[in-house]
Amino acid sequence: MKIARDTLNFILEVCKSSYPNEFAGMLSADGDVITDVVVVPGTESTDESAVMQLFMLPNIHTVGTVHSHPTGDTRPSGDDLELFDTKGKIHIIVGAPYTISSWTSYDNEGKPVKLQVVDYEFKEDKENW
Ligand code: ZN
């Protein structure tokens, strides 16, 4: 799997702006490149876990999940591992301070996997022409 550089930068920005709260979203892909993040509504709440918000989503077609750990520790929690098992095959945890080197990607069993960052050409919507 790969992720578009612009998509990763967007994720890092949203994580930063959600701090000190958790941010969570679903990932969608074009072929084998992750190009989109569906932001989960209500993850700015301080009282509820972002992971719990992801659990409550219907099974829309996505390749995986992304969420932030304001503690900076990018290891998955017990709840995270359960989530990984049910919501797709690639899961990103971004730790504070949310830089290009402070995230880890996991497979659905919680094993760290390499996610290549690529330059992706976002297609223009030609239908409107
Ligand atoms: Zn977590």
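Is tyrosine 98 buried or exposed? At 2% relative accessibility, tyrosine 98 counts as buried; here buried means under 20% relative accessible area, exposed over 50%, and partly exposed in between, with a 1.4 Å probe and protein chains only.

A word on conventions. The model is predicted, so local features need pLDDT of at least 70 and side-chain atom pairs count only at pLDDT 80 or more, while totals for chains, interfaces and linings use all residues. Residues are numbered from 1 along each chain as its sequence is written, and side-chain values use heavy atoms, with hydrogens and water left out.

I turn to the aromatic rings. A search of the whole structure gives 3 aromatic pairs; rings of Phe, Tyr and Trp (its six-membered ring) pair if their centres lie within 6.5 Å, and planes under 30 degrees apart count as stacked, over 60 as edge-to-face and the rest as tilted. Tyrosine 19 and tyrosine 98 form one of them, edge-to-face because their planes stand at 70 degrees, with the centres 6.1 Å apart. Tyrosine 19 lies in the loop between helix H1 (5-18) and strand E2 (24-30), and tyrosine 98 in the loop between strand E5 (90-95) and strand E6 (103-106), so the pair ties together parts 79 residues apart in sequence. Helices (H or I, at least four residues) and strands (E, at least two) are DSSP runs, numbered from the N terminus. Tyrosine 19 is partly exposed, at 47%.

Phenylalanine 84 and tyrosine 106 form a stacked pair, 5.9 Å centre to centre with 25 degrees between the planes. Phenylalanine 84 belongs to helix H3 (residues 78-86) and tyrosine 106 to strand E6. Phenylalanine 84 is buried at 0%, and tyrosine 106 is buried at 4%.

Helix H3 has two sides. Asp80, Leu83 and Phe84 are buried, and they cover an arc of only 100 degrees around the axis, taken from the directions from the helix axis to the C-beta atoms. On the other side of H3, Gly78, Glu82 and Asp85 are exposed.

Finally, the zinc ion. Its protein donors are His67 (NE2), His69 (NE2), Asp80 (OD) and Asp80 (OD), at 2.0 to 2.5 Å; donors are N, O and S atoms within 2.8 Å of the metal (3.2 Å for Na, K and Ca), and sites may look incomplete, as water is not among the atoms. Histidine 69 is in strand E4 and aspartate 80 in helix H3, 11 residues apart. Aspartate 80 is buried, at 1%, and histidine 69 is buried as well, at 11%.
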